[in-house]
Amino acid sequence: MIRHHLSDALLMGYSAGQLPEAFNLVVASHISMCDECRARLESFDAVGGALLESSLDDVVETEQAVGGDSLAATMARIRAGGDQLRKAQPAPRRQGILPGPLARYVGGDLDAVRWRPVGGGVRQAILPTDRSASARLLYIPAGAGVPDHGHQGTELTLVLQGAFSDSTDRFGPGDIEIATEVDEHSPVAEAGVDCICLAATDAPLRFNTLLPRMLQPLLRI
Ligand code: ZN
Ligand code: ZN
C-alpha cells in the first residue's frame, strides 16, 4: 500500500522530458510500482501531447500558407518522434526487488549490484547517469541510520524493500520521499528487514556532523 506519491511538478517534468536522467529513473521506477501515479502521468501526457499537436498545427498551417513544405516535413518528423517517446512507457513491474526501469540500469536484479561500504553498515552503489543529478542505490541494515543531513537541492528517495522513518513520516515499499532545501532529516531503517532505496539528488547533501562531511568527496554524496 503506497502512501507517498510523486508531486504534480515531477510528473509534469517527466512527461515533458525536463528532468535530469537520475530523476527520470526514480520517477519511472515509482510509476512502474504505482497505478495511481501511472494514471496521473497518462493525463499529463495527454495534455502535453494536445499542446504539442496544436502548436505544431499552427506552425505547419503558417508555413503551408506561404507555400513552403520543408518545415511541414520537419514538423511531421518531430510529431513522429513525439509519438515514439510517448510509446516508450515504463515497462510493467517484473519479478525481483528492482523495478524494471532500474533493473535495466543495474543490468540485473540485486545480485548484479556492486555495493560499496559507506560506514555504519550502510552500503551504496552509484548508478551511471549524466552528471546533472546523481542516482544511487542505498542498503541500510535494519535499525541502522543515514547520518543527519540537509539538502541544497532536491532529493528523491524511493523505497524498494523494508522501510525507513524520519521526523516527517514512515516510508515503506513503493513510497517516495521528496526532500528539499528546507528539510533536514536522519532516516533510520525499521527493525526486521534491511532497507533498500533508490535515491537521486541534484546537489550535494549538507551533513551536520564532521565525519560524513569529510568523507563526502570520497563517497560522491
Ligand atoms: Zn504513486
Ligand atoms: Zn536526505
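Donors here are N, O and S atoms within 2.8 Å of the metal (3.2 Å for Na, K and Ca), and water is not among the atoms, so sites may look incomplete. This is a predicted model: local features need pLDDT of at least 70, side-chain atom pairs count only at pLDDT 80 or more, and totals for chains, interfaces and linings use all residues. Residues are numbered from 1 along each chain as its sequence is written, and side-chain values use heavy atoms, with hydrogens and water left out.

I'll start with the zinc ion (ligand 1). Its donor residues are spaced H-x24-H-x3-C-x2-C in sequence. They are His5 (ND1), His30 (NE2), Cys34 (SG) and Cys37 (SG), at 2.1 to 2.3 Å. The angles among the four donor atoms are 97 to 125°, and the site is tetrahedral (four donors, all angles between 85 and 135 degrees). Histidine 30 is buried, with a relative accessible area of 0%; buried means under 20% (1.4 Å probe, protein chains only). Cysteine 37 is also buried, at 0%.

Next, the zinc ion (ligand 2). His149 (NE2), His151 (NE2), Glu155 (OE), Glu155 (OE) and His185 (NE2) coordinate this ion at 2.0 to 2.8 Å. The spacing along the chain is H-x1-H-x3-E-x29-H. Of these residues, histidine 149 and glutamate 155 are buried.

Last, a helix contact. Leu10, Leu11 and Tyr14 in H1 meet Phe23, Asn24, Val27, Ala28 and Ile31 in H2; contact means heavy atoms within 4.5 Å, and helices are DSSP runs (H or I, at least four residues), numbered from the N terminus.

Note on methods: Chains are lettered from A and ligands numbered from 1 in the order in which they are written. Helices (H or I, at least four residues) and strands (E, at least two) are DSSP runs, numbered from the N terminus. Buried means under 20% relative accessible area, exposed over 50%, partly exposed in between (1.4 Å probe, protein chains only). Four donors count as tetrahedral if all angles lie between 85 and 135 degrees; four count as square planar and six as octahedral if opposite donors are over 155 degrees apart and all others between 65 and 115; anything else is irregular.
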